[in-house]
Amino acid sequence: MKVYKPEWQCTFSVNEGVEESASWKKRIAWRFREFADRLDGGGRTIKIDCNVTPEVSREEVDTCLEKGFALSQSLLTQLAHQAACEDVMRDAKAELFEEAPQR
């Protein structure tokens, strides 16, 4: 009886800047990204490297990234909500946030 063993690999990395050991081409590319960020006046540029074997379609990768960013937005929205609630509580009930003197 033959045993089949599926094999796959996925590497995923996100970079927000150039590495010190990067080639001159990568350094120039990051300079352009930084320049574009300044022209846009905000935001944040990231570079995503995703290698999947066996190959999946670009559309499937894009769908996964879209869902991942939607989840990130949801998590950040929750954090913002929690921070806003804490700000209100710190203002309304400052005594709850005062640190007791240590002995």
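I began with Phe69, which is found in helix 2, residues 58-92. The model is a predicted one.

I next turned to the salt bridges, of which the structure holds 5.

Glu16 and Arg44 form one of them, with the closest N and O atoms 2.4 Å apart. This pair links distant parts of the chain, 28 residues apart: Glu16 is in the loop between strand 1 (9-15) and helix 1 (24-40), and Arg44 is in the loop between helix 1 and strand 2. I recorded both Glu16 and Arg44 as exposed.

Glu34 and Arg31 form another, the closest N and O atoms being 3.8 Å apart. Both residues lie in helix 1, 3 residues apart, which is about one turn of the helix. I found Glu34 partly exposed at 34% relative accessible area, and Arg31 exposed at 59%.

Lys47 and Asp49 also meet through their side chains, at 2.8 Å from N to O. Lys47 is partly exposed at 26% relative accessible area, and Asp49 is partly exposed at 28%.

Arg33, however, lies over the face of Trp30, at 4.6 Å from the ring centre.

Last, I looked at the backbone at Pro54. The peptide bond from Thr53 to Pro54 is cis, with omega near -5°. Pro54 is found in the loop between strand 2 (47-53) and helix 2.

Terms used:
Residues numbered from 1 in each chain as written. Predicted model: local features only at pLDDT ≥ 70, side-chain atom pairs only at ≥ 80, totals over all residues. Heavy atoms only, no water. Helix = DSSP H or I, 4+ residues; strand = E, 2+ residues; numbered from the N terminus. Lys NZ or Arg CZ within 6 Å of the ring centre and 35° of its normal. Salt bridge = Lys/Arg side-chain N within 4 Å of Asp/Glu carboxyl O. Buried < 20%, exposed > 50% of the residue type's maximum accessible area, 1.4 Å probe, protein only.
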